[in-house]
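Biologist: I'd like to learn how to read a structure like this one, feature by feature. Could you walk me through it?

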Amino acid sequence: MLQSCTGTVRRATRNLNHNPLQRYSFVPSAEARFVKQSLRKLLRETAQPVAVVTSTLPDHEFAPRSDSSVQGQKKALSIFHGATLSSFTSIALDPHPLVAFSLRVPSRMALALNAHASKPQMQMSSHMVVNILSAAQPHIARLFSSPDLHPFSEPEVQWTQSVDGLPIIKGALGALSCTVIGRSLPLSDTRWLHSSMEEWETEVQQVEGSSGLASELFIARVLRVEDVQELEGQLENDKLRTLPLLYHQRAYTTVGNIPNP
């Protein structure tokens, strides 16, 4: 799958003599800053869905099965990790359902997902769960956005496990069990777009050895849409459970009806 995608991009850029992407790589710094500022300003005016990706840390190939004992819970908390996504989207339904998101690097989640992608025997089992948060869960988004916290130990984070043993956050609007289709793609440099598959791994390593990456792109295949359990206890506004959590103008919000003219 990744080979096919990369080959398509490589053929397209060859037909354009590489000029558009190469010119973009050498945009004057002042112009590049202006483009970034303008894009950031525009995107603040658009609402983005908020999700939390959960997985296992690189040293743990298999997630523990559900264990209600104190020792079992402590073991699970040392194995599981989660991160809030601000750039999650569906990119294809046919022939395979695919989603994409980016992660800031370096990060434990990026390291974990790349470690899972390097193991061919795990390609048909899920590497992660993408939990699409409901409007009742802005506190969950905040907890998982801090790299220094371990939110699974927090009492307000209620979760269960998928058939693959990965955390599903209770009360989420939905949850997708996914497998990454290959290692992540660096977004700070587009040289890998012009490489053959034989050169691709070396090219990515060279890019990763540069002055540092802002983020990396992950593409994953959806294996299952999970049944999400309800939160235990009463919500102040139960309607929020059925609405999506959105990020808009630097704040969490949700959808509303457009008044009739």
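Biologist: Let's start with strand S3 (residues 80–85): is it mostly covered or mostly exposed, and how many of its residues are buried?

Modeller: Before that, a word on the source: this is a predicted model, where local features need pLDDT of at least 70, side-chain atom pairs count only at pLDDT 80 or more, and totals for chains, interfaces and linings use all residues. Residues are numbered from 1 along each chain as its sequence is written, and side-chain values use heavy atoms, with hydrogens and water left out. Now the general idea: buried means under 20% relative accessible area, exposed over 50%, and partly exposed in between, with a 1.4 Å probe and protein chains only. Strand S3 is mostly covered, with 5 of its 6 residues buried. Strands (E, at least two residues) and helices (H or I, at least four) are DSSP runs, numbered from the N terminus.

Biologist: Which sense does the pairing of strand S2 (residues 51–56) and S3 take, and over how many bridges?

Modeller: In general, strands of a sheet pair through backbone hydrogen bonds, either parallel or antiparallel. Two strands are called paired if DSSP finds at least two bridges between them. Here S2 and S3 run in the antiparallel sense, over 6 bridges. For a spot to look at, take threonine 54, whose bridge partner in S3 is glycine 82.

Biologist: What is the order of strands in the open sheet of 3 strands?

Modeller: Read across, the order is S1-S12-S13, and the pairing is antiparallel. Strand S1 (48–49) and strand S13 (251–253) are the edges: each has a single partner strand, so one side of each lacks a neighbour in the sheet. S1 meets S12 over 2 bridges, again in the antiparallel sense. Glutamine 48 is the residue standing opposite tyrosine 247 in S12.

Biologist: On to charges, then. How many salt bridges does a search of the whole structure find?

Modeller: The rule is a side-chain nitrogen of Lys or Arg within 4 Å of a carboxyl oxygen of Asp or Glu. The search turns up 4. In one of them, arginine 224 joins aspartate 164, with the closest N and O atoms 2.8 Å apart. That pair links distant parts of the chain, 60 residues apart: arginine 224 lies in strand S11 (residues 215–226), while aspartate 164 lies in the loop between strand S7 (159–161) and strand S8 (167–169).

Biologist: Which residues are linked with Arg224 in a network of salt bridges?

Modeller: Asp164 and Glu226. Arginine 224 also meets glutamate 226, at 3.0 Å from N to O. As for cover, arginine 224 is partly exposed at 27%, and aspartate 164 is partly exposed at 25%, whereas glutamate 226 counts as buried at 15%.

Biologist: What is the salt-bridge partner of glutamate 230?

Modeller: Arginine 241, with the closest N and O atoms 3.4 Å apart. Arginine 241 counts as buried, because its relative accessibility is 12%.

Biologist: Last one: which residues make the nonpolar surface patch?

Modeller: For patches, take residues with over 30% relative accessible area and no salt bridge; nonpolar side chains (Val, Leu, Ile, Met, Phe, Trp, Tyr) are joined within 5 Å, and like charges within 9 Å. Accessible areas come from the Shrake-Rupley method with a 1.4 Å probe, and for residues only the protein chains shown count as cover. Leu39, Leu42 and Leu43 make this patch, of about 280 Å². Leucine 42 belongs to helix H3 and is exposed at 52%.
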